[in-house]
Amino acid sequence: MIVILLGPPGAGKGTQAKELATRKGLVQLATGDMLRAAVAAGTEVGKKAKAIMESGGLVPDEIVIGIVAERLEQPDCKNGVILDGFPRTLPQAAALDAVLKKKKSKLDAVIELKVDDKVLTERIAGRFSCAKCGAGYHDTFKPTKVAEVCDSCGSNEFTRRKDDSAETVRERLFVYYRDTSPLVGYYYAKGILKTVDGMAPIDEVTAAIAGIIDAQS
């Protein structure tokens, strides 16, 4: 079972991938995690990636694909994987197809999390977390029970990610629609695209995705 989750930044891909991996016994594969793991393991492609990352450069597609292919060969991926945030571009999608064909495997489903850009921007821009224990909150959707006091540990120190500003979110959405959204059409043409309402409550989104995965099993 190989599943791809598509959707803009903040759509909840990571949250859903983590939950579904636990429920379905699949492995969540996120590009950043795979890169760091390959570097730490000192694999051949990991060494190439390390040199580029240390110089501040962007890791090219051929190395990313190599790391993905390498990771898919690991024993824990035998029962299936959820690709979170990969592929990001049409060339990466084509390269993934080639890797899977070589392995005599295929994609079972590509699931798009459909979201409203305006609401998504509000959702991301309002996020903050406890600087001490990491508990997550939101100005509108999940404020602390007591103003400026963490529900979990009682700390009054909070932090916000620099890339969670409304301006940065709009920039990230632009990059997504320019580079990644063409994958929606690519996978639709292949007949494996499914769409889920990413604005629904988290448990409803999880149930919808789980239903799609079950149908492919």
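A residue is taken as buried when its relative accessible area is under 20%, and in this predicted model F128, with a relative accessible area of 13%, therefore counts as buried. The structure contains five aromatic pairs. One of them is formed by F128 and F158, whose rings lie 5.5 Å apart, centre to centre, with 80 degrees between the planes, in an edge-to-face arrangement. This pair connects distant parts of the chain, since F128 belongs to strand β5 (residues 127-130) and F158 to strand β7 (residues 158-159), with 30 residues separating them. In contrast to the buried F128, F158 is partly exposed, its relative accessible area being 25%.

A further edge-to-face pair is made by Y186 and Y187, so classed because the planes of the rings stand at 80 degrees, with the centres 5.0 Å apart. Within this pair, Y186 is partly exposed at a relative accessible area of 22%, whereas Y187 is buried, with a value of 0%.

The F128 and F158 rings also take part in a cluster, in which ring pairs link F128, Y137 and F158. Y137 has an additional neighbour in K142, which lies over the face of the Y137 ring at 5.8 Å from the ring centre.

Turning to the helical part of the model, D214 is located in helix α9, which spans residues 202-216. The relative accessible area of D214 is 43%, and this residue is therefore partly exposed. D214 and L100 are separated by 114 residues in sequence and, from C-alpha to C-alpha, by 21 Å in space.

How values were computed:
Residues numbered from 1 in each chain as written. Predicted model: local features only at pLDDT ≥ 70, side-chain atom pairs only at ≥ 80, totals over all residues. Heavy atoms only, no water. Helix = DSSP H or I, 4+ residues; strand = E, 2+ residues; numbered from the N terminus. Buried < 20%, exposed > 50% of the residue type's maximum accessible area, 1.4 Å probe, protein only. Phe/Tyr/Trp six-rings, centres within 6.5 Å; stacked < 30°, edge-to-face > 60°. Lys NZ or Arg CZ within 6 Å of the ring centre and 35° of its normal.
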